[in-house]
Amino acid sequence: PTFIVGVFASASTNCRFNIVGSFTSTQIVLLAGVPQRHFVEEGVNEYFYFNVDRADVDLQVTVTSITGDPDMMISYDDQYPSCRIQPGISHYDYEHRLCSNYTWFSNNPKSDTVVINHNNPCQATADTVAVSSTCDNDVVKDMFRTGGSFYVGVFGFSSSSFMITAAYKGSRTKLVTGTPQTGHTSAQDVCRSRDSAGAC
């Protein structure tokens, strides 16, 4: 089937926008520094991927909760990192969440940020990030050097509306009017000059 999408601008000024279309359980591509708004139902996983093409900078993936509690996990070797709730549980908390096929998992209530260090990717960069014992530093470092895909799963711990952004650390992220955006920085991250693409 073919779907036709129309866009109407009600003002005479120029407008800039992105359109994302997907089917349930289809992976959605993330573009560097471009936030996307999505919804995930309670107990359901939504899937994304980001193609890394820079060897000299860390990758940061952020899920900012607008409503609800989305949880994020990332993998370099499984296209569907996911969570589920233990069977037979009607009222559950975080201990009843079973997650698998992930390399990095953010265990932060509401909004999540995972920074993957290009020099030492299998080291957790925050107390709220768990790294799988199967993470292979050399394989992930090679992905940064030669290109590869990072797969992102967002689990609805509760029904959630959220913004998701993948960006290179120190580069510009597009802000969306009236929408919160979670970020991550440290005292070590000082940008003294930028290239033409906006990266440090």
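## Two disulfides

The structure holds two disulfides. A disulfide here is a pair of cysteine sulfur atoms within 2.5 Å. This is a predicted model, in which local features need pLDDT of at least 70, side-chain atom pairs count only at pLDDT 80 or more, and totals for chains, interfaces and linings use all residues. Residues are numbered from 1 along each chain as its sequence is written, and side-chain values use heavy atoms, with hydrogens and water left out.

## The link of C83 and C99

C83 and C99 are joined by a disulfide, with an S to S distance of 1.9 Å. The angle about the S-S bond is 100 degrees, and the link of C83 and C99 is right-handed. This pair connects distant parts of the chain. C83 sits in strand β6 (residues 82-85), and C99 sits in strand β7 (residues 97-100). The two cysteines are 16 residues apart. Strands (E, at least two residues) and helices (H or I, at least four residues) are DSSP runs, numbered from the N terminus.

How covered is C83? C83 is buried, because its relative accessible area is 4%. C99 has 24% relative accessibility, so C99 counts as partly exposed. The cut-offs are these: buried means under 20% relative accessible area, exposed means over 50%, and partly exposed lies in between (1.4 Å probe, protein chains only).

## The link of C122 and C135

The sulfur atoms of C122 and C135 are 2.0 Å apart and form a disulfide. The torsion about their S-S bond is about -75 degrees, so this disulfide is left-handed. C122 lies in the loop between β9 (112-116) and β10 (129-131). C135 lies in the loop between β10 and α1 (137-146). The pair therefore ties together parts that are 13 residues apart in sequence.

Is C135 buried or exposed? C135 counts as buried, because its relative accessibility is 14%. C122 has 22% relative accessibility, so C122 counts as partly exposed.

Strand β3 covers residues 45-52. Six of its eight residues are buried, so β3 is mostly covered.

Which strands pair with β3? Two strands pair if DSSP finds at least two bridges between them. Strand β1 (residues 28-29) pairs with β3 in the parallel sense, over two bridges. I28 has F48 in β3 as its bridge partner. Strand β11 (residues 148-156) runs antiparallel to β3, and eight bridges join these two strands. G148 in β11 stands opposite V52.
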